[in-house]
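The model is predicted.

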Amino acid sequence: MTTRTDSSPAPDPAPAPSAGRRAWLRDHSELGVCVLLLALGVLVLTDALTMDVDITQRGPVGPKTVPVVVGIGLLVIAALLAVDVLRGGRGEAEGGEDVDLSEPADWRTVLLLSGIFLGAAVLIEPAGFPVAGALLFWGAAFALGSRRVDRDPLIAAGLSLLTYVVFDKLLGVPLPGGPLMGVL
């Protein structure tokens, strides 16, 4: 019978199964991106394959083609990324030259941009795309730090009108004109 004579601490008991599972998930966190890509690919494919296109089909390449290719691409990328992660591949940490990773996220800007986007989405039908788009462009410039109140509204209005004309008149994609419908 042997007894311990050294003063070293006894080895730790085996880690709990949940701690091991958490450590494995933390080491393979990129699998979350794989799941997101997989879900998005299934959603795109489901939507594309259930699309009714009999009226708009004018040849072998129709409105379903691009969404089906994108959906299949998302599924392939999800599978390849999952295989890479399970084989030990790791994403590299952000090393942008103008990004300070020690600073916290700027939630004020994120919330401002989210509010501006939601406001434009609510206003697009009653006010029309030119007005809602101008508010969206101007609000985004303001949220991102531009304080040129003499220049920004004019640029936003010009961009919004140009976008409206290109999509509505040149490309034939109908956008709500709102009160400016008769003018443009």
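## Burial of D152

D152 has a relative accessible area of 9% and is therefore buried, the cut-off being under 20%. In the chain as a whole, 20% of the 184 residues count as buried.

## Surroundings of D152

The residue D152 lies in helix α6, which covers residues 152-170. Leaving aside residues up to four places away in sequence, D152 touches W138, A141, S146 and R147. With S146 there is also a polar contact of 2.5 Å between the two side chains.

## Packing of α5 on α6

Helix α5 spans residues 129-143, and its axis comes within 8 Å of that of α6, with a crossing angle of roughly 135 degrees. The crossing of α5 and α6 is right-handed.

On the α5 side, the contact is formed by F129, P130, G133, A134, F137, W138 and A141; on the α6 side, by D152, P153, A156, A157, L159, S160, L161, T163 and Y164. Sorted by class, the residues in this contact are twelve nonpolar, three polar and one charged.

## The chain as a whole

The chain contains six helices and zero strands, so that its elements read α-α-α-α-α-α from the N terminus. Of the contacts between residues at least 6 apart in sequence, 58% join residues at least 24 apart.

Conventions. Residues are numbered from 1 along each chain as its sequence is written. This is a predicted model: local features need pLDDT of at least 70, side-chain atom pairs count only at pLDDT 80 or more; totals for chains, interfaces and linings use all residues. Side-chain values use heavy atoms; hydrogens and water are left out. Helices (H or I, at least four residues) and strands (E, at least two) are DSSP runs, numbered from the N terminus. Buried means under 20% relative accessible area, exposed over 50%, partly exposed in between (1.4 Å probe, protein chains only). A polar contact is a pair of N or O atoms within 3.5 Å; within protein, one must be able to donate a hydrogen and the other to accept it, and residues adjacent in sequence count only if both atoms are side-chain atoms. Contact means heavy atoms within 4.5 Å. Axes are lines fitted to C-alpha atoms, for helices over the stretch in contact, and angles run from 0 to 180 degrees between N-to-C directions. A crossing is left-handed if the near helix is turned anticlockwise from the far one by less than a right angle, and right-handed if clockwise. Ala, Val, Leu, Ile, Met, Phe, Trp, Tyr, Cys and Pro count as nonpolar, Asp, Glu, Lys and Arg as charged, and the others, Gly among them, as polar.
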